[in-house]
Amino acid sequence: MRRALVLAALTGALLASAACGSSDDTNTGSPSAAPTTAASVDVKANTTAACTAIDTLYGSLDATAKADLAKAVAAVSSGDAATAAKSWATVKPLLAAAAATIKAEADKAAAPELKAALADLGAKYEKVANLSSPAEIESVAADLDTASNNVKKVCTDAGVTLKNFE
C-alpha cells in the first residue's frame with residue numbers, strides 16, 4: 001500500500017515534466033507586457049490559469065515515464081540495484097524538469113496562498129530529483145503528498161475543478 005502511495009505521489013512530478021516545454025508564455029519581455037501593480041492582476045483568472053496549468057501538466061504524463069518510475073521503485077524492493085540505477089537515471093531529469101515547471105507556475109501566481117503552495121510543491125519535487133537513489137523516495141513521500149494535497153485544496157477552494165491531480 002505504501003509503495004502505491006509513493007508511486008502516486010511521484011507520478012505527479014513526472015506529469016509536470018512531460019509537458020514542461022509546452023506552456024504558453026506570452027511575455028514578450030517588454031516592460032509593458034507585465035502588470036505594473038498587483039491591483040492590475042485578475043487574481044481569480046490568474047489562479048484559474050495556474051491551477052489549470054498544473055492540472056494539465058499532471059494529465060500529460062507519458063506511459064514511459066510512469067513505467068520507469070515504477071521500475072525504479074520495484075527494483076529497489078527486489079534488490080536489483082542495476083535496474084534501479086538505470087531507471088532512476090531516466091526519472092531524475094524528469095523530476096528536475098517538473099520542479100522547474102511547478103516553480104515557474106508559482107512565480108506567475110498572484111494569490112499568495114497558491115504561490116506558496118506551488119513553491120512548496122516545486123521544492124518538494126526538487127528534493128526528490130536530488131535524491132541519489134529511488135530507495136530514498138519513502139523518506140520524502142509524505143512531504144510530497146502533503147504539498148500536492150495543499151495545491152489541490154487551494155485550487156479546489158478557488159473553484160477550479162482539477163481532473164488529473166492525484
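A: Let's start on the outward side of helix 6, where Thr146 and Asp157 are exposed (over 50% relative accessible area; buried means under 20%, and partly exposed lies in between, with a 1.4 Å probe and protein chains only). Before going further, please note that this is a predicted model, in which local features need pLDDT of at least 70 and side-chain atom pairs count only at pLDDT 80 or more, while totals for chains, interfaces and linings use all residues. Residues are numbered from 1 along each chain as its sequence is written, and side-chain values use heavy atoms, with hydrogens and water left out.

Helix 6 covers residues 138–157, which makes 20 residues. Helices here are DSSP runs of H or I with at least four residues, strands are runs of E with at least two, and both are numbered from the N terminus. From first C-alpha to last, helix 6 reaches 29 Å, close to the 28 Å expected at 1.5 Å a residue; that expected span is 1.5 Å times one less than the number of residues.

Now turn to the other side. Val140, Ala141, Leu144, Ala147, Ser148, Val151, Val154 and Cys155 are buried. Looking down the axis of helix 6, these buried residues fall within an arc of 165°, so they line one face of the helix. The arc is taken from the directions that run from the helix axis to the C-beta atoms.

The link is left-handed, with -90° about the S-S bond. Cys51 is buried, with a relative accessible area of 1%, and Cys155 is buried with a relative accessible area of 1%.

What comes just after helix 6? There, Gly159 takes a positive phi of about 90°.

Finally, step back to the whole protein. Its secondary structure comes to six helices and zero strands, and 37% of its 166 residues count as buried. Of its contacts (heavy atoms within 4.5 Å) with a separation of 6 or more, 73% come from residues 24 or more positions apart.

Technical notes. Disulfide = S-S within 2.5 Å.
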